[in-house]
Amino acid sequence: MTSNREKKRIVTKGVRDLVSRGGWDTRRFESGTTGIVESARNEIRDAVVDALYSQAGLCRDCLDARQKTGDPTALCDRHMNEALGMT
Ligand SMILES: [Zn+2]
């Protein structure tokens, strides 16, 4: 029995591992046209966004970055690197 929370944690970890290994290539996902691939993409994107938000903690630099870019998910350099597992 795996809860949704646990699944999300596993997906998030998988994404972070992928990014940290430099194996992140969205074109691999783009080439798929099945609904399964589409829903997997959505799930991964949701997990990534959740992870970014939970790690960002709305620090001042992040808020600045959001204001400058107009992107509500923008992160400062430090938190972006953290989110990508590069610290
Ligand atoms: Zn920040």
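Here are some questions and answers about the predicted model shown above.

This is a predicted model, in which local features need pLDDT of at least 70, side-chain atom pairs count only at pLDDT 80 or more, and totals for chains, interfaces and linings use all residues. Residues are numbered from 1 along each chain as its sequence is written.

Q: How many helices and how many strands are in the protein chain?
A: Helices (H or I, at least four residues) and strands (E, at least two) are DSSP runs, numbered from the N terminus. Read from that end, the elements run α-α-α-α-α. The count is five helices and zero strands.

Q: Which helix has the highest mean pLDDT among the elements of the protein chain?
A: pLDDT is the predictor's confidence in each residue, from 0 to 100. The chain has a mean of 75, with 71% of its residues at 70 or more. Helix α2 (residues 26-30) has the lowest mean among the elements, 54, while the highest, 87, belongs to helix α4 (residues 60-69).

Q: Does α4 lie largely buried or largely in the open, and why?
A: A residue is buried if 20 or more other C-beta atoms lie within 10 Å of its own, exposed if 12 or fewer, and partly exposed in between, with C-beta atoms placed from the backbone. Of the 10 residues of α4, the number buried is one, so the helix lies largely in the open.

Q: What percentage of the residues of the protein chain count as buried, and which residues form the largest nonpolar core?
A: Of the 87 residues, 9% count as buried. A nonpolar core is a set of buried Ala, Val, Leu, Ile, Met, Phe, Trp, Tyr and Cys residues joined through C-beta atoms within 7 Å. The largest one has five residues: A47, A51, C62, L75 and A83.

Q: Which residues does A51 touch, leaving out those up to four places away in sequence?
A: Two residues are in contact if their C-beta atoms, placed from the backbone, lie within 7 Å. A51 belongs to the largest nonpolar core. With residues up to four places away left out, A51 touches T12 and A83.

Q: Where is C59, and which residues is C59 in contact with beyond four places in sequence?
A: C59 sits in the loop between α3 (35-56) and α4. It is partly exposed because 13 other C-beta atoms lie within 10 Å. Beyond four places in sequence, C59 is in contact with C76 and H79.

Q: How far apart in space are M86 and S20, C-alpha to C-alpha?
A: M86 is in the segment after α5 (77-83). M86 counts as exposed because it has 9 C-beta neighbours inside 10 Å. M86 and S20 are 66 residues apart in sequence, and their distance in space is 6.5 Å.
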